[in-house]
Amino acid sequence: MPSVLVVEDDQFVRSALIRHLTEASHTVRSVGTALEALREVAHFRFDVVILDLGLPDLDGSEALKMLRGITDVPVIIATARDDESEIVRLLNDGADDYLTKPFSVEHLAARMAAVLRRSCAAEGRAKSPSVIQVGGLSIDPLRRQAELDGTELDLTRREFDLLTFLAGRPGVVVPRKELLAEVWQQSYGDDQTIDVHLSWLRRKLGETAARPRYLHTLRGVGVKLQPPAAPPEQPA
């Protein structure tokens with residue numbers, strides 16, 4: 001039973017979407033502002049988000065960029081705007097599909113089904129049955145669990161995806177553009193998003209940017225993950 005977040009400030013449209021989606025056996029939560037939407041995706045897992053652009057506190061296009069900074073949940077834009085250049089920009093910013101109001105329930109259902117099929121297929125391709133081992137790091141992509149020296153790490157979804165991607169290429173410097181494309185599914189974005197997640201990861205790995213153990217940043221080049229260097233042997 002897919003879980004859907006409806007982000008729509010028009011109460012009439014919002015109520016109609018909730019009714020139709022519930023009748024179609026979807027689990028539905030709804031909010032009317034961008035801030036509420038960000039709080040929802042931070043605390044609950046959704047299979048798809050239906051996002052209106054004309055929100056009262058923040059334009060939906062900005063909300064989309066912020067959503068993409070914390071989650072890769074599929075997002076369908078639903079709005080009365082029909083400017084082609086804006087549609088292209090939103091798709092490039094991370095939207096998975098776009099519906100122009102008014103639209104039929106059948107049209108929405110078909111678009112949601114297509115987005116969910118693509119999402120499930122991508123998730124299936126991303127999963128690997130093998131455990132990744134880098135030094136004291138052990139990462140199980142299938143179970144989405146990571147341990148450091150036998151202690152389980154409490155990682156967010158994005159932190160886990162970032163760590164797994166880097167650990168799958170130990171010792172290889174990964175450009176920031178590649179991280180945005182592969183981990184965030186964005187063709188371009190703010191480097192600060194990567195820096196923040198790297199900072200959170202370092203804290204959980206017990207290291208800092210000044211004294212790295214696993215995560216190493218090469219300024220102007222990219223990021224690499226490698227096992228800590230073995231301490232020098234003491235003379236007998």
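1. Accessibility terms: buried means under 20% relative accessible area, exposed over 50%, and partly exposed in between (1.4 Å probe, protein chains only). By this scale Asp149, at 56% relative accessibility, counts as exposed.

2. Basis: this is a predicted model, in which local features need pLDDT of at least 70, side-chain atom pairs count only at pLDDT 80 or more, and totals for chains, interfaces and linings use all residues. Residues are numbered from 1 along each chain as its sequence is written, and side-chain values use heavy atoms, with hydrogens and water left out.

3. Backbone: most residues other than glycine have a negative phi, and most peptide bonds are trans. Asp149 has a positive phi, near 55°, and sits in the loop between strand 8 (145-148) and strand 9 (151-152). Helices (H or I, at least four residues) and strands (E, at least two) are DSSP runs, numbered from the N terminus. Ser25 also has a positive phi, about 70°; this residue is in the loop between helix 1 (11-23) and strand 2 (27-31) and is partly exposed, at 44%.

4. Cis peptide: the bond from Lys101 to Pro102 is cis, with omega near -5°. Pro102 belongs to the loop between strand 5 (97-100) and helix 5 (105-126).

5. Salt bridges: a search of the whole structure finds 16, a salt bridge being a side-chain nitrogen of Lys or Arg within 4 Å of a carboxyl oxygen of Asp or Glu. Glu8 pairs in this way with Lys101, with the closest N and O atoms 2.7 Å apart. Glu8 is in the loop between strand 1 (3-7) and helix 1 and Lys101 in the loop between strand 5 and helix 5, so the pair ties together parts 93 residues apart in sequence. Glu8 is buried at 3% relative accessibility, while Lys101 is partly exposed at 23%.

6. Asp72 and Arg157: these form a salt bridge with closest N and O atoms 2.9 Å apart. Because Asp72 lies in the loop between helix 3 and strand 4 (75-79) and Arg157 in helix 6 (residues 157-167), the pair ties together parts 85 residues apart in sequence. Salt bridges that share partners also join Asp59, Arg81, Glu86, Arg89 and Asp93 into one network.

7. Arg176: this residue is in helix 7 (residues 176-182) and counts as buried, at 17% relative accessibility. The Arg176 side chain makes a polar contact (2.9 Å) with that of Asp195. A polar contact is a pair of N or O atoms within 3.5 Å; within protein, one must be able to donate a hydrogen and the other to accept it, and residues adjacent in sequence count only if both atoms are side-chain atoms.
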